[in-house]
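Subject: Structure for your review

Hello,

Here is the structure we talked about handing over. Please look it through first; my notes on what was found follow below.

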Amino acid sequence: MNQAVPVAPPKNLRELFTGFFWIGARSFGGVLPWAYRTMVEERRWMTHADFTETIGLCQFLPGPNIGNASIVLGKRWFGLAGSIVAFLGLMGPPFVWVLALFALYNDFSSNATLKAVVIGVGAAGAGLFIGTAVKLGRPLAKKPAALVLISACFLAAAVARFSLLLVIPVGLAIALIAARRNWL
Amino acid sequence: VSLVELALYFGLLSLISVGGLPSVMPEMQRFVVDVKGWLTPSEFIQAFAVGQAAPGPNVLIASLIGWKVAGLAGALVALGAMCFPAAVVAWWVSDLWDRFKDSPWRQAVQRAIAPIVVGMILSGGFVLATPGSPDWRLWLIAGGSAAGMLATHLNPLWLLAGGGVLGAVLL
């Protein structure tokens, strides 16, 4: 990291767009590390602490975390126009990429080996979810109420297959009561 | 009709997707595969895999589902519906969030959301690795990549590639 260059927000909408464009275009294997690298290390739009705080907020909001970050940061720097520009820059390249890849794949998906490879990739992706859950869950492991909530959510969503339109609001309400009583 | 249904349902999902798209993955699968039959369980995991192998936020799997349902229009509508309501919330809440920095309610909300998100992401992983009837080979691959992620600092792309190789050998 170049300490000599001061931290400053993007100068104009074009800079904002290209920054988010590059985050989206090269974020293979997860967007967050690329967002950090682009905004904190390369372009020096914000400090490490700023970044952590913003992402912290975006993880609690509904919606794609990094998509929310583009809205929140765009707004902070340029208002509504900034939000729109940042969001489009972020989503544009991956949207084209993923559709092209999918169209290509559909042409060849009758090939049994290729299909097996892709299903294997999907299963590994499912494993990444499980790994993420374990990582996020570790700090909660000492709180019995949290473990009960996690198990109840899993039973309701994955085993009983209740609609999350029901499970998430009810779960959040119960968790909020538990948090107010300092069980979480 | 399916475009409107898609927009409304994904719009609703967008509002409850605390912690991001992984949280509502079980619901997407349930609605798109079990309720509507727009995709088979196997097609769903394939769409998910393609989404994982491309750059960008994993919300893009929504556009692949939309594509399957109604082509390019479906892809745009699905992605828009999944992002727009949440974006409006983010727009309004970002100021409030700073103002209530030290409020006990903000801290309670933060602590309350964490276990729900963990439960949902865990469910998402389980549901994705179990398309149709349970298959030990998929569980093995998923377990391996989860362990690899926790034990190493590899770029997740390597774990996905490993899953692909195992898939070719086992499936």
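Chain A and chain B bury about 8,000 Å² between them, and 79% of that area is on carbon and sulfur atoms. Please keep in mind that this is a predicted model. In terms of contacts, 85 residues of chain A touch 99 residues of chain B. Of the area that chain A buries against chain B, 10% is supplied by A:F60, A:F129 and A:R161, more than by any other three residues.

In one salt bridge between the chains, the side chain of A:K75 meets that of B:D95, with 3.0 Å from N to O. Over all chains the count comes to 11 salt bridges. Among them is a pair inside chain A, where the side chains of A:E42 and A:R26 meet, also listed at 3.0 Å from N to O.

Next, one helix pair between the chains. The axes of helix 5 (residues 112-137) of chain A and helix 7 (residues 156-170) of chain B come within 6 Å and cross at roughly 135°. At that angle, which is not over 145 and so does not count as roughly antiparallel, helix 5 of chain A is oblique to helix 7 of chain B. The crossing of helix 5 of chain A with helix 7 of chain B is right-handed.

On the chain A side, helix 5 makes this contact through A:T113, A:A116, A:V117, A:G120, A:V121, A:A124, A:G125 and A:L128. On the chain B side, helix 7 contributes B:P156, B:L159, B:L160, B:G163, B:G164, B:G167 and B:A168. By type, the residues of this contact divide into 9 nonpolar and 6 polar, with no charged residue.

Chain B has 7 helices and 0 strands, so from the N terminus on its elements run α-α-α-α-α-α-α. Along the principal axes, the C-alpha atoms of chain B fill a box of roughly 55 × 45 × 25 Å.

Regards

Methods:
Residues are numbered from 1 along each chain as its sequence is written. Chains are lettered from A and ligands numbered from 1 in the order in which they are written. This is a predicted model: local features need pLDDT of at least 70, side-chain atom pairs count only at pLDDT 80 or more; totals for chains, interfaces and linings use all residues. Side-chain values use heavy atoms; hydrogens and water are left out. Axes are lines fitted to C-alpha atoms, for helices over the stretch in contact, and angles run from 0 to 180 degrees between N-to-C directions. Helices (H or I, at least four residues) and strands (E, at least two) are DSSP runs, numbered from the N terminus. Angles under 35 degrees count as roughly parallel, over 145 as roughly antiparallel, 65 to 115 as roughly perpendicular and the rest as oblique. A crossing is left-handed if the near helix is turned anticlockwise from the far one by less than a right angle, and right-handed if clockwise. Contact means heavy atoms within 4.5 Å. Ala, Val, Leu, Ile, Met, Phe, Trp, Tyr, Cys and Pro count as nonpolar, Asp, Glu, Lys and Arg as charged, and the others, Gly among them, as polar. Buried area is the accessible area (1.4 Å probe) that two parts lose on being put together, summed over both. A salt bridge is a side-chain nitrogen of Lys or Arg within 4 Å of a carboxyl oxygen of Asp or Glu.
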